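Student: I would like a close look at one part of this protein. Please keep it brisk.

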Amino acid sequence: MMINEAGLFSAARAGDVEAFEKLIEVYNKKVYSMFLNLCGDKDYANELTQEVFVKVYRSIRHLEKESTFPVLVYKTTRDVCLKAFKTRKAFEMVISGKNL
């Protein structure tokens, strides 16, 4: 089945939650797989994936073109990833006593 991303984007941008959920289906596996490969923890990868799509949902109304949606997903994924690893590194430093 071919998914009409342009139509889904327009509907999601207008507030259609079901259209946004279908867009998530297109990108979810890629985002989740990336996080799982990086952190090795299914629950944490799922949590980070959810964070990406919450942020994307909040930002979609500001996009003008459908072609910028994949860029938004990529940039949001990158930002969440960087934040997660900075937080994790800081936590590991505190636990190990390096920050004391």
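Student: Which residues form the negative surface patch?

Tutor: Keep in mind that this is a predicted model. The negative surface patch is made up of Asp16, Glu18, Glu21 and Glu25. Take Glu25 to begin with. Glu25 sits in helix H2, which covers residues 17-39. Its relative accessible area is 60%. The cut-off for exposed is over 50%, so Glu25 counts as exposed.

Now Glu18. This residue also belongs to the patch, and it lies in helix H2. Glu18 has a relative accessibility of 57%, so it is exposed.

Next, follow helix H2 to residue 39, where its range ends. Cys39 is buried, because its relative accessible area is 15% and the cut-off for buried is under 20%. The whole structure has 0 disulfides. For Cys39, the closest cysteine sulfur is in Cys81, 8.7 Å away. A disulfide needs the two sulfur atoms within 2.5 Å, so that separation is too far for a bond. Cys81 is likewise in no disulfide, with the sulfur of Cys39 as its nearest cysteine sulfur. Cys81 is buried, with a relative accessible area of 12%.

To recap: Glu18 is exposed, Glu25 is exposed, and Cys39 is buried.

How values were computed
Residues are numbered from 1 along each chain as its sequence is written. This is a predicted model: local features need pLDDT of at least 70, side-chain atom pairs count only at pLDDT 80 or more; totals for chains, interfaces and linings use all residues. Side-chain values use heavy atoms; hydrogens and water are left out. Patches are made of residues with over 30% relative accessible area and no salt bridge: like charges are joined within 9 Å, nonpolar side chains (Val, Leu, Ile, Met, Phe, Trp, Tyr) within 5 Å. Accessible areas come from the Shrake-Rupley method with a 1.4 Å probe; for residues, only the protein chains shown count as cover. A salt bridge is a side-chain nitrogen of Lys or Arg within 4 Å of a carboxyl oxygen of Asp or Glu. Lys and Arg count as positive and Asp and Glu as negative; His and the chain ends are not counted. The place of a charge is taken as NZ of Lys, CZ of Arg, CG of Asp or CD of Glu. Helices (H or I, at least four residues) and strands (E, at least two) are DSSP runs, numbered from the N terminus. Buried means under 20% relative accessible area, exposed over 50%, partly exposed in between (1.4 Å probe, protein chains only).
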